[in-house]
Structure formats: C-alpha cells, structure tokens
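Have the sequence and the 3D view ready, and follow along.

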Amino acid sequence: MTVPSGRRERKKAATRQKIADTALRLFLERGYDAVGIRDVAAEADVAVTTLFSHFASKEALVFERDDDFEQRLTQAATGRAPDEPLIPALRREIQALVRHCTADSAAPIWRLIDESPALREYEESMRLRHAESLATAIAADPDLPQTTTACRTIARFVIDAYSLAREAADPEAAVDEIFRMIEAAWAVTCPTRCA
C-alpha cells in the first residue's frame, strides 16, 4: 500500500483505516448482517457521508485492501525487469497474497465472507474486475504479443489461482500446481517470445 506523503493525505488514510478497522471489528463481533452503516459511522466517530467518501458500499468495508490487491497484481505484470518472464512474476505475487490471506489472523474474516451471500457476490465481482485490470496490463506490454482473449484468459487463471489456493489444504502446493498449468497454457499461446 502506498504511504501518503502530505499531512492531508495521511489524515485521510488514517480516517479510512479507522473506519475499516471499526467496521471489521463490529462485523466480527455482531455478524455482518447485524451491523449497519450508521453503526459503523457512529462507532468510528465519523459522519455517514465521511464513511461513504472512503467506501462505496458496506461490502467494500470488508475488502478495504481491494485497490492495493489490484495494484499489486498489475504492478507484478508491468513493473517486472525487462528480461523477467511474466508468469513467474505473477506467481510470486499470488504466492505472497495467498500467504497473507491464509494466515491464522485472516480465518475469521474468510468465515465472515463465506457466511454472507452479499460478501461472496462482492468478492466475485471484485475478482472479475481484478482479472480485467490484469488482462489490460498484460495486453499493454509490447513484448507480449497476445490476443485479447489470451490476455483475459491468463488473467482469469491467475485470479482464480489465488482463490483456489486460498481454499486448499496446502495453499503453497496449490499455487505451485496451478501455476504449472498456467505456464503450460501461456507457453502454448506464446511459444517463442513470451516465456
């Protein structure tokens, strides 16, 4: 996550974090459906309009690192060294994200998500958006002459790798297994220049 540089940006970031932390605490204590936006705003000591200036929806409060996750994935594709292959760079990032999201401290949050249809639906729409952003980043790389379909497919595989590995009994082994398949698919679509 980018650290805000100016005083105003730091205050906004602190307010956003306070709202997110408060919401998560309330959701975990009372249950997602039992907590309203007004409850979160009151507990965080902010106006409802302030809450909505930081978060577009109640669901977004649970996924407060959504933008960071998306930026990390696109950065893995666009910020790699010129001679670094795409798939290993994406694999490293997914491995790091899976480690973070499978830590013991994340288990209550995933139970909360799994128990709520609204949160599961939000997570699915978020994954689709992340896949599109990643596909766009891959397609923009002039050294990766791929069709739009190939870029979108690989991006979807990468995003799904995260979800599948997170749910696996051995997440790291799952990432390894899934990325062997992704590398094979990438090699088929780009046999010479895209390794």
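Before we start, one term: a salt bridge is a side-chain nitrogen of Lys or Arg within 4 Å of a carboxyl oxygen of Asp or Glu. Keep in mind, too, that this is a predicted model.

**A network of charges**

With that term in hand, here's something to find in the viewer: Glu123, Glu124, Arg127, Arg166 and Glu167 are linked in a network of salt bridges. Why can such side chains pair up at all? Side chains of opposite charge can do so when their charged atoms come close.

Let's take two of the links in turn. Arg127 pairs with Glu123, and the closest N and O atoms are 3.7 Å apart. Both of these residues sit in helix H8, which covers residues 117–139, and they're four residues apart, or about one turn of the helix. Is Arg127 buried or exposed? With a relative accessible area of 18%, Arg127 is buried, because buried means under 20%. Glu123 counts as buried as well, at 6% relative accessibility.

The other link joins Glu167 and Arg166, where the closest N and O atoms are 3.6 Å apart. Here the two partners contrast: Glu167 is exposed, with a relative accessible area of 57%, whereas Arg166 counts as buried at 10% relative accessibility.

How many salt bridges does a search of the whole structure find? The search finds 15. One of them pairs Arg65 with Asp68, with the closest N and O atoms 2.7 Å apart. Arg65 is partly exposed, at a relative accessible area of 36%, while Asp68 is buried, at 9%.

| Salt bridge | Closest N and O atoms | Relative accessible area |
|---|---|---|
| Arg65 with Asp68 | 2.7 Å | Arg65 36%, Asp68 9% |
| Arg127 with Glu123 | 3.7 Å | Arg127 18%, Glu123 6% |
| Glu167 with Arg166 | 3.6 Å | Glu167 57%, Arg166 10% |

**The whole chain**

Now zoom out. The protein chain has ten helices and zero strands, so if you read along the sequence the pattern is α-α-α-α-α-α-α-α-α-α. The C-alpha atoms fill a box of roughly 60 × 40 × 25 Å along the principal axes.

Of the chain's 195 residues, 42% count as buried. The chain exposes about 10,800 Å², and carbon and sulfur atoms supply 52% of that area. What about contacts between parts of the chain that are separated in sequence? Among contacts between residues at least 6 apart in sequence, 68% join residues at least 24 apart.

**Two helices packed together**

Next, look at helix H9 (residues 148–167) and helix H10 (residues 171–189). Their axes are 9 Å apart, and the helices pack at an angle of about 170°. That makes H9 roughly antiparallel to H10, because angles over 145 degrees count as roughly antiparallel.

Which kinds of residue make up this contact? By class, there are 15 nonpolar residues, one polar residue and no charged ones. On the H9 side, the residues involved include Ala150, Ile154, Phe157, Val158 and Leu164. The H10 side includes Pro171, Val175, Ile178, Phe179, Trp186 and Thr189.

Leaving aside neighbours within four places in sequence, Phe157 is in contact with Ile182 and Ala185. Phe157 is still partly exposed, with a relative accessible area of 38%. The C-alpha atoms of Phe157 and Met181 are 9.2 Å apart, although the two residues are separated by 24 residues along the chain.

Helix H10 also holds Arg180, which counts as exposed at 54% relative accessibility. From Arg180 to Gln75 is 105 residues in sequence and 21 Å in space, going from C-alpha to C-alpha.

One last stop. Most residues other than glycine have a negative phi. Asp45, however, has a phi near 60°, a positive value. Where is Asp45? You'll find Asp45 in the loop between helix H2 (37–44) and helix H3 (48–54). At 64% relative accessibility, Asp45 counts as exposed.

Terms used
Residues numbered from 1 in each chain as written. Predicted model: local features only at pLDDT ≥ 70, side-chain atom pairs only at ≥ 80, totals over all residues. Heavy atoms only, no water. Axes fitted to C-alpha atoms, helices over the stretch in contact; angles between N-to-C directions. Parallel < 35°, antiparallel > 145°, perpendicular 65-115°, else oblique. Contact = heavy atoms within 4.5 Å. Nonpolar A, V, L, I, M, F, W, Y, C, P; charged D, E, K, R; others polar. Buried < 20%, exposed > 50% of the residue type's maximum accessible area, 1.4 Å probe, protein only. Areas by Shrake-Rupley, 256 points an atom, 1.4 Å probe, with all protein chains shown as cover.
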